[in-house]
Amino acid sequence: MRNSKSLIRSGPAVAAAATLALALAGPAAAAPGISVNTTGSTVSVATSACTQVNGHWGTASLLNSSQTSFSQGRQVALSGTSAGQSAAWSNVGAGTYTVIVVCSNGSTAGRQSVVVTPAPSPSVSPTASPSRGVMGGIGGGARDYGTVTLVAGGALVGTALVATAWYLRRRGAPRHL
């Protein structure tokens, strides 16, 4: 009984020691690297592994499948702060690429492959055309007016012409007092 009680009492201490050892070993075992993302035809890389030397963080290079060395790729200077640096390439065609980040002190922060997929092309969908024509212009272009409507309109135009002629004739006549 005495032995089992001492094991129970020492169990939490052993677990705490193991947890502390793992916590201390975790950051030392994790090496800094790079994180590469694609959005449409834009490829971006982020890292926190570089330190600033003479005002520069480093350079990132985007290599296509036929390029083999860092200098052959599309190079972009890293920008950012001590917490993180980044670079981006736009208008990247579809295919498989390799991103390499070299810090300004000459060390390689990381190397990662990325696949850029083509953006989906917009699809054209037909829209329904209007069932009636345009209602503009002289007399409207879509309605078929009946005989009664045309006769009434003609009578109004004729009456307006007669009234205008009568008014102009009276206006030009001399007035006698």
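**Close-up views of a predicted model**

Buried residues (under 20% relative accessible area with a 1.4 Å probe, protein chains only) make up 16% of the 177 residues in the chain. This is a predicted model, in which local features need pLDDT of at least 70 and side-chain atom pairs count only at pLDDT 80 or more, while totals for chains, interfaces and linings use all residues. Residues are numbered from 1 along each chain as its sequence is written, and side-chain values use heavy atoms, leaving out hydrogens and water.

**View 1. The order of helices and strands.** Two helices and eight strands make up the elements of the chain (DSSP runs numbered from the N terminus: H or I of at least four residues for helices, E of at least two for strands). From the N terminus on, they run α-β-β-β-β-β-β-β-β-α.

**View 2. The disulfide between C50 and C103.** Here you can see the one disulfide of the structure (a pair of cysteine sulfur atoms within 2.5 Å), with S to S at 2.0 Å. C50 lies in the loop between strand 2 (42-47) and strand 3 (58-63) and C103 in strand 7 (residues 95-103), so the pair ties together parts that are 53 residues apart in sequence. The link is left-handed, with -75° about the S-S bond, and both cysteines are buried.

**View 3. The largest nonpolar core.** This core (buried Ala, Val, Leu, Ile, Met, Phe, Trp, Tyr and Cys residues joined through side-chain atoms within 4.5 Å) has 19 residues, and V43, V45, W89, V99 and V101 have the most contacts inside it. Strand 7 gives the largest share, four residues.

**View 4. The surroundings of V99.** Leaving aside residues up to four places away in sequence, V99 touches (heavy atoms within 4.5 Å) several residues, including V43, V45, W89 and R111.

Terms used
Buried means under 20% relative accessible area, exposed over 50%, partly exposed in between (1.4 Å probe, protein chains only).
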